[in-house]
Each structure stands twice: as structure tokens, then as C-alpha cells.
Amino acid sequence: MREMIVSELTQAFQELARGFAHFLPRLMVMLIIAFLGWVIASLLKFILRSILRLAKFDKLSENAGASQLLNQAALPSSTELLSRFVFWVAWLGFILLGVSVLGIVGLQEHVSKFFLFLPRLFVSLFIFFFGLLAASFFSRAALLAAVNANLPAPRLLSISIRTIIIIFVLSMVFEELGLAEQTMLLAFGIVFGAMMLALSIAFGVGGRDLARQFLERRLARRKKEEREDELSPL
Amino acid sequence: MAEESVLTDDFLRQLINVGEVDILVGLPTYNNARTVGPVIEAIRAGIVKSFPRERAVIIDADGGSQDGTPDLVTGASINDVRHASNLYALRTLHSISTQYSDTPASGTALRTILAAAELLRARACAVISPDSTTIEPEWIPRLLRPISHEDFDLVTPVYRRHKFEGLLMRNLLYPMTRAIYGRRLREPYASEFGFSGRLGSQFLGQDVWRHEASRTGTEISLTIAAITGGYRLCQSFLGPKIHTDRSSSDLVPAMRQTVGTLFWSLEATFPAWSTSADLQTVPTHGCEYEVTQEPVRVNRKRLYEMFCSGVGELAPVFSSILSAGTLAELQRMASLSEGDFRYPAELWVRTVYEFAASYHKSVISRDHIIQAMAPLYRGRMFTFLGENRDASAEEIENSVEMLCHEFERLKPYLLEIWNGRE
């Protein structure tokens, strides 16, 4: 009996030792991959940060209005943020690669899902950034055109254009990420439709008399102005 | 060769039929049927009267007119001129037309004329605006004779203007070009001018045509190319000039094609203007300036209101373009009442130079920078009109001269901010 217990215990310990001996190299490989990943991710971060600084990405981001958003959220500059993001994505990728070496059942599927998700994440970021850039460009163009045409409330027009473009961009981003696609599409449709309806009601029904008066005043004034401002700048 | 891509096969055939010429007059047209008839008549009379022995051609570069302008140009007969003025040409006077595009672009029109001039080896060329209703036959020899007889390369016009016409020219283009390039050229952006074949060929070979800015406002680039290339320049007094084309007097498009092109040209010519400082007088045939003073109605209140609303609404845009000090000063001015408002010359010059430096650095879209300048220019116009309401021709001239000195005095400031402040 005693011999049997000793034999079972010895066998169990031997199996544990054998399992550990099998697992230890994999753990070492995982740690090495994680370490190498950290080095490569740091290198990527350094290279990307240098390229973005050379390309004056912060200036571009400022023009796009992204820097303003980051400042409000007490986040670092867009160059720093993007560099850090790439570092963490790259390192996390390497860690997951290392984890997959461990051969833990069920984890493989999640790791491959993560790698499949990465391109969509980058495309979403791309859409988001250039969407902000487009929103900033077109809202500024509208502001300048409205100011030079002497239209009333130019900033309201500019903000409206920016808001519509950002809503559109966000709906595209969520659709690309595959997050609450239906909800976002529905929300976008409702918000956009509501805005258009509100504008129609405001101008068509609520401000009918005001709109008529405004147009009469505006057209009459324009005729008068054309007579009075006949000075050629050239 | 540049002309290979500009000249169509049909136009090339017409040019080959013409052969070599001595004189070329170009007309950049687009729906000018209303005014082009008398212009063509005056050009023909000018050529027949002043250059009867020279081989001459009139080239119409059309931007896709729908009103039959090219037919009016090519259809006018030389006999009309002979009967009307009892003049006889000793050579055939050709008149040909080409459509360079479906959409008008003054730069492409000028390029077509330059390419034709180079191909025909024209010694003296002139460009005449098809809406110059005040044109006289004498304009042709005044623009061409300094080139054909005195070996000048560029002849820019001097017009008799109303004292409040051409304010962008007086308040920005003339003083700034003069301060930067050191030449007293009254009309650096001219709709009528003469140029030599060699200047035309040299300008045609420049890489200016590859840029978007070359679509409009190339006239000012030609002037700058002549200055920086060391060509011989002179001015010629033509007479009164009246703008009939309302679209050319719209402020923002006018600023795009003049101020935008001037700012754009500063980049390519930086080595030339950053070192030279000597102010040279340009020889002038006829009087240097002439101002008329009939009363005109101008809505100054609207200019003031548009300045104030512009400064208020465009503050975020201006903060990217202007220095904090200049912006603060403009905001202070915008808070003043109409009676107290004054846009001083020094602040105006600083504003213009900061805009030029921001354009160079592309702090925002370059077109937006030019558009943002329009409300500030209106503020400056308000002050100029108020200060010179009862001014005589000499007083107006003194006022422009003082502004020129201010532009010259502050040129080091432009150099300082050109590559300095971010």
C-alpha cells in the first residue's frame, strides 16, 4: 500500500516535472517573443514619432481640429498619441503571438480574431482622422464664403457643416469597426433626418414671414449695393 | 517644347499659314461679343497706322465663348478699317482664333498667345483686354513701339483712373511689388501690356505652368519674371481705363488672381528679393499717373460692417495666420465706432506681410488665407476712402507714396517672419 502511494506520488511528480519541462521552454519562448516585441514596438514608436515630427503631423492635426479635441480631453499631442498607440498595438500583437505559443486551448481563436481586427482598426482611425480634416476644411470654407458674402450667422453655418460631417464620419467609423452597426445607422438616420426636418419647419413654416421679409430686404439691399460699390479693385 | 501641349493641330495649321511675323497682338476672350468689335477695330487701326510695313497677326485665344466672339474677331475685315480711317497696310494683317479650352482661364490664354508668338518668331507682342471699351488705336504703338524701336522687353500700362478705382492696386499690389522687387511699376498686374519675343520665350520655358496658380493671374508672374530676370522694363501711358466686366471686379476672385499669385511668386523668387534692396525708377512714356475726381457713391458703412463682422467671425482663422499682437490690434479696432475707426498704414503692411509669410508656410489652405484677407482689405479701403475723400491728385499720390515707404521700411519684418515664427 505504502509502496503504491509512493509510486503514484513519484509518477505524479514526474508527470508534473515532465509537463513543466515541456511548458518551461514555451514560457521562455513567449517571454523572449514579448521582449523582442517590446524592442520592435519601441523601435516602431521611435521611427513613427520621428516621421510624424518631420511631416509636421501636429500642424496637420491642429488644422483638422483633432489637437483641440485632444487638449480638451487632457491627452498628449497627436504625434505622441499615435506613436504610443502603434507601440501598444505592436507589443500587444507580439504578446498574443507569444501566448499562442503556449498552446492554451481556446486562446488561439481569440488571438487570430485580434489580428483580423487590426486592419479594420487602422482603417477606422484613417477614416476618423481624414474625416476630421475634411470637416475642418469644409466648415472653414463655408465660414469664409459666408463672411465674404455678408450672410447672417456665418459661424452657425460653419458649425452645422462641421457637425453633419463629423456625424457622418462617426457612423462610417462605427460601421467599419462593426460596433453596433444597425444602431449607429439608425441613429445617424434619425439625427440627420431630424435636423433636416427641423430646418424645413424652421424656415418653411415657423419663419415663413421672416424668410419673406429677409429675402425681400436682402434682394433689395443687393441691388442697392451693386449700384453703390462700383469701384473696381484692379 | 512648351507649345506642343498648348497648340491644337488646327491652330498650328493656321499659324503655319501665317508664317513669321514682326508684330503679334493677343486677345484672351470669353463671351466678349458685346465689347470685342470696337477693340478689334482699334487694334487693326493701330497696326495699320503705326506698323504698315511690319508683318502682323491678331491671335484670339478663346475660353469657349458661346456668343460668337471668335467669329467677330476673325470676321472683321481689314477693309472696314481702310474705309473708316483712310489707311493702307502694305502687308496682309492676319486674324486667327483658337479655342484653348471649354472653360476660361487667363493663364492658359496667355500661354497660348506666348506659344504662338514663339512659333511665329514675333519680335514685339501685346496683349489687349477684349473688354477695354476705352481703347484707342494709339494704345498699340504705345505698347509695341518701346519694344520694336527701343529694345525694351516689357511695357506695362499707366491708366487715367478715378481716384477711388484700383484700390487693391494702390494699397497692396503696387506698394508691395515695389518694396519687394525694387521697381516703381504702377500696374504690376495689367490687362494690357507689351512684351518682347525673348521675354515671352523665356517665360514660356519656366515651370510656372505646372502649378495651379498659373491658371489665373499669370500676368503678374510675367512682370515678376521680367524684373527678376533683369529684363528692360518701361511704362506707357494709355489713357482712361474702365472695367465693364463685373466679375473681374469681384473682390475675392480678384484677390485670388493678383494677391494669391504675388504671394505664390514670392517663394520662387526668394533669392532675388531677399538680397536686393535698391529702388529703381522705371522709364515712363507719357505721364506717370493721372487721377480723375468725379464724385462717386460708395457705401463706406458696409465696408466698416464687413470688416468688423469679419474680424469677429474669423478670429479662429486669423489666429493661425496673424501674430498675437496684430490680431489683438485688429480686434481692438473692430470694437471702435465707425467715426473712430482707422486702419493705419503700418498695421496694414504688417497684416499683409504676415499673410504672405503664412501663405508661404501653408499654415492653412492657401486659398482660405487669401479669402480671409478680404474683410481686412475692406477695412483698409474704408480708411483710404475716408482719408482721401476730398484729396487732390497730388494728395492721393502722396498717400500712396507714404504707404510704399511703409512697405519698404517693414521689408526686414517680412524677411524675419518668412522662415522664423512658426
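## Where chain A meets chain B

In this predicted model, 18 residues of chain A are in contact with 31 residues of chain B. On the chain A side, three helices each supply at least two of the touching residues: helix 5 (107-148), helix 6 (154-177) and helix 8 (208-228). Helix 5 of chain A gives the most, with seven residues. By class, the chain A side of this contact divides into nine nonpolar, four polar and five charged residues.

## Chain A as a whole

Chain A is a helical chain, with eight helices and zero strands, so if you follow its elements from the N terminus you read α-α-α-α-α-α-α-α. Of its 234 residues, 14% are buried. Take the contacts in chain A with a separation of 6 or more, and 63% of them join residues 24 or more positions apart.

## Strands in chain B

Strand 4 pairs with strand 1 (residues 23-29) of chain B in the parallel sense, over four bridges. Strand 4 also pairs with strand 6 (residues 193-196) of chain B, here in the antiparallel sense and again over four bridges.

B:Val127 lets you see both pairings from one residue. B:Gly26 stands opposite B:Val127 in strand 4, while the bridge partner of B:Val127 in strand 6 is B:Phe193.

## The nonpolar core of chain B residues

Which residues touch the most other members of the largest nonpolar core? They are B:Ile23, B:Leu24 and B:Met373, in a core of 135 residues. Nonpolar side chains tend to be buried together in soluble globular proteins. Setting aside neighbours within four places in sequence, B:Ile23 is in contact with B:Ile47, B:Phe51, B:Glu54, B:Ala56, B:Ala122, B:Ala124 and B:Leu144.

B:Ile58 is found in strand 2 (residues 56-62) of chain B. B:Ile58 counts as buried because it has 23 C-beta neighbours inside 10 Å, where 20 or more are needed. Not counting residues up to four places away in sequence, B:Ile58 touches B:Val25, B:Leu27, B:Ile43 and B:Ser95. B:Ile58 and B:Ala126 are 68 residues apart in sequence, yet their C-alpha atoms are 9.6 Å apart in space.

## Two helix pairs in chain B

Helix 12 (residues 300-313) and helix 16 (residues 366-387) of chain B pack at an angle of about 145 degrees, with their axes 8 Å apart. Their crossing is left-handed. Helix 12 contributes residues including B:Leu303, B:Tyr304, B:Phe307 and B:Val311, and helix 16 contributes residues including B:Leu376, B:Met381, B:Phe382 and B:Leu385. By class, this contact has 10 nonpolar, three polar and two charged residues.

The other pair is helix 9 (residues 218-228) and helix 10 (residues 251-268) of chain B, whose axes come within 8 Å and cross at roughly 35 degrees. Is this crossing left-handed or right-handed? Helix 9 passes helix 10 in a right-handed crossing. B:Ile220, B:Ser221 and B:Ile224 in helix 9 meet B:Thr258, B:Thr261, B:Leu262 and B:Ser265 in helix 10. The residues of this contact divide into three nonpolar, four polar and no charged.

Notes:
Residues numbered from 1 in each chain as written. Chains lettered and ligands numbered in written order. Predicted model: local features only at pLDDT ≥ 70, side-chain atom pairs only at ≥ 80, totals over all residues. Axes fitted to C-alpha atoms, helices over the stretch in contact; angles between N-to-C directions. Left-handed = near helix turned anticlockwise from the far one by under 90°. Contact = placed C-beta atoms within 7 Å. Nonpolar A, V, L, I, M, F, W, Y, C, P; charged D, E, K, R; others polar. Core = buried A, V, L, I, M, F, W, Y, C linked by C-beta atoms within 7 Å. Buried ≥ 20, exposed ≤ 12 C-beta atoms within 10 Å, placed from the backbone. Pairing = 2+ DSSP bridges.
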